[in-house]
Amino acid sequence: MAQEKFIEVQHSSKIYNEGQENEVRANDDISFDIYKGELTIIVGASGAGKSTLLNILGGMDFNTHGKVIVNGNNISEYDERGRTGYRRKEIGFVFQFYNLIENLTAMENVEIASQLSDNPLDAVEALKQVSLDKRKDNFPAQMSGGEQQRVSIARAMAKNPGLLLADEPTGALDYHTGKQVLQVFQDYVRETGKNAIIVTHNGMIKPMADHVIEIFDGKVKSDTRNDNPTPIADLEW
Ligand SMILES: Nc1ncnc2c1ncn2[C@@H]1O[C@H](COP(=O)(O)OP(=O)(O)OP(=O)(O)O)[C@@H](O)[C@H]1O
Ligand SMILES: [Mg+2]
């Protein structure tokens, strides 16, 4: 199968207080490629630099050295305004603790995000994809943690983004609910041919991915492709 590159990270570093004695190399000369239509997992221990990397890929932060090319654009050259536009139009982000707006219903939470997009999905359609269309008029406090996380995924998907990013999306969920949430990501890439990147410290979910990038101490420790991802139902941890 011909594989088209979607993301190229070339010698990217994020260094705080560079050259000073309190220098922190949060990302240290990171390079990898991601192909179109991949489900990628970035895995590593606490403090390894995963969120730093994901935030740079999503335009929420910027690197201090190197190139980050997404869909042909070198986003590491973007200024604040460029990053804002990139985030709004091209990125769907899922946070560990959902970050839903408490006084808006599930549907209203999804609609707010879809309004940022030029090509959004219908909010009810997005909720249907996470099997929560019947709960569209509920407020976050009326839903379980797993349901709230699925609403937050619907919110990210409703923008119809080229790139869906998630930082520890199952971190606050139990085993069964975590699996349901991971299934939504796998279905998204399979059904749309778009990309998703999941950051996790849980190495046990690596087999579900098409591509696993292991980060250790700010560096890429391993970069592996998986031709036969394991169905999520068969994963155990
Ligand atoms: N603003 C900052 N100033 C200095 N150091 C920072 C700053 N932000 C992050 N770091 C450091 O960068 C390193 C990587 O942090 P990062 O949040 O990317 O790790 P992580 O892999 O996501 O960890 P976790 O699994 O705990 O979320 C850590 O050592 C962290 O302390
Ligand atoms: Mg983190």
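Good morning. Among the elements that cover the buried residues of α3 are α4 (123-129) and α5. The structure I am presenting is a predicted model.

Let us stay with α3 for a moment. Which residues of α3 are buried? They are Ala106, Met107, Asn109, Val110, Ala113 and Ser114. Because these residues cover an arc of only 160° around the axis, they sit on the same side of α3.

I now turn to empty space. Rolling a probe the size of a water molecule over the atoms shows where such space is left.

The largest pocket has a volume of about 330 Å³. Its lining is made up of 18 residues, and those closest to the centre of the pocket are Phe93, Phe95, Ala113, Leu116 and Lys159. Which elements give two or more residues to this lining? They are α2 (80-90), β6 (91-94), α3 (106-114) and α5 (145-158). By class, 9 of the lining residues are nonpolar, 5 are polar and 4 are charged.

Next comes the cavity. The model has 1 cavity of 30 Å³ or more, and the largest cavity holds about 70 Å³ of space. Its lining includes Ile56, Phe62, Val68, Arg83 and Tyr86. In this lining, 6 residues are nonpolar, 3 are polar and 2 are charged.

Finally, I come to the annotation. An unreviewed UniProt entry places the feature "domain: ABC transporter" at residues 7-237. In the model, that span is 29% helix and 27% strand, and its end C-alpha atoms lie 30 Å apart. Thank you.

How values were computed:
Residues are numbered from 1 along each chain as its sequence is written. Chains are lettered from A and ligands numbered from 1 in the order in which they are written. This is a predicted model: local features need pLDDT of at least 70, side-chain atom pairs count only at pLDDT 80 or more; totals for chains, interfaces and linings use all residues. Side-chain values use heavy atoms; hydrogens and water are left out. On a 1 Å grid over the protein atoms alone, a cavity is a set of points where a 1.4 Å probe fits but cannot get out, and a pocket is an open set with protein on both sides within 12 Å along at least five of seven lines; lining residues have an atom within 4 Å of a point. Grid points are joined across faces, edges and corners, and a volume is the space filled by probe spheres set on the points. Helices (H or I, at least four residues) and strands (E, at least two) are DSSP runs, numbered from the N terminus. Ala, Val, Leu, Ile, Met, Phe, Trp, Tyr, Cys and Pro count as nonpolar, Asp, Glu, Lys and Arg as charged, and the others, Gly among them, as polar. Buried means under 20% relative accessible area, exposed over 50%, partly exposed in between (1.4 Å probe, protein chains only). The arc is that of the directions from the helix axis to the C-beta atoms. Contact means heavy atoms within 4.5 Å. UniProt positions are given in the numbering used here, feature names are shortened, and annotations may be inferred rather than shown by experiment.
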